Amino acid sequence: MIIKMNVLEINNLVLAYLGDSVYETYIRFNLIQKGYNHVKKLQEKSLEYVSAKSQAKILKKLKDENTFNAEELEVIKRARNAKINSHPKNCDIQTYHEATSLEALFGYLKLQNKIERIEEIISKIFTD
């Protein structure tokens, strides 16, 4: 499905909303491919990738490895600087901003129909 719109005009938190589901779906898929076949274990293992703290850590690692191109870095920066009125009690606001920016990137890539790029980034996440 290709969306005909200027994706850069979409609210960053809307991109993050979509990206959250895209990201988590890929994480779950990869964990199942790795052989996790019990829901409890899948849930426990997925937290290593989908919690705000984990996402912030993953984003830093990917940035340190120069994973992102200029366009992607701009999306990350815009989303990181978005005004967020609340955040989970289990992490600080900076960590939540970083996690939100990773999710926004996945939402952006999905709306751009850049599935191969999503898969490349997910592959790097699972390289460890």
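# Salt bridges and a helix pair

Let's start with Glu-44, which makes a salt bridge with Lys-40, their closest N and O atoms being 3.2 Å apart. A salt bridge here is a side-chain nitrogen of Lys or Arg within 4 Å of a carboxyl oxygen of Asp or Glu. Side chains of opposite charge can pair when their charged atoms come close.

A word on the model. It is a predicted model, where local features need pLDDT of at least 70, side-chain atom pairs count only at pLDDT 80 or more, and totals for chains, interfaces and linings use all residues. Residues are numbered from 1 along each chain as its sequence is written, and side-chain values use heavy atoms, with hydrogens and water left out.

Back to the pair. Where do Glu-44 and Lys-40 sit in helix 2? They are four residues apart in helix 2 (residues 39-50), so about one helical turn separates them. Helices are DSSP runs of H or I, at least four residues, numbered from the N terminus. Glu-44 is partly exposed, with a relative accessible area of 38%. Lys-40 is exposed, at 63% relative accessibility. The cut-offs: buried is under 20% relative accessible area, exposed is over 50%, and partly exposed is in between, using a 1.4 Å probe and protein chains only.

How many salt bridges does the whole structure have? A search finds 11.

Next, Glu-72. Its partner is Arg-117, and the closest N and O atoms are 2.7 Å apart. This pair links distant parts of the chain. Glu-72 is in helix 4 (residues 70-80), Arg-117 is in helix 6 (residues 115-125), and they are 45 residues apart. Are these two residues buried or exposed? Glu-72 counts as buried, at 2% relative accessibility. Arg-117 counts as buried too, at 17%.

Arg-117 also meets Glu-120 in a salt bridge, at 2.9 Å from N to O. Both residues lie in helix 6, three residues apart, about one turn of the helix. Glu-120 is partly exposed, at 42% relative accessibility.

Now a network. Salt bridges link Lys-61, Glu-65 and Lys-124. Lys-61 is in helix 3 (residues 52-64). Lys-61 is partly exposed, with a relative accessible area of 22%. Its C-alpha atom is 21 Å from that of Lys-114, which is 53 residues away along the chain.

On to the helix pair. Two packed helices are described by the angle between their axes and the distance between the axes. The axes of helix 4 and helix 5 (residues 93-111) come within 8 Å and cross at roughly 135 degrees. Axes are lines fitted to C-alpha atoms, for helices over the stretch in contact, and angles run from 0 to 180 degrees between N-to-C directions. The two helices are therefore oblique to each other. Under 35 degrees is roughly parallel, over 145 roughly antiparallel, 65 to 115 roughly perpendicular, and the rest oblique.

Which residues meet between helix 4 and helix 5? From helix 4, they include Glu-72, Val-75 and Ile-76. From helix 5, they include His-97, Ala-104 and Leu-105. Contact means heavy atoms within 4.5 Å.

Last stop, His-97. This residue lies in helix 5. His-97 is buried, with a relative accessible area of 13%. Leaving aside neighbours within four places in sequence, His-97 is in contact with Arg-80, Ala-82 and Ile-84.
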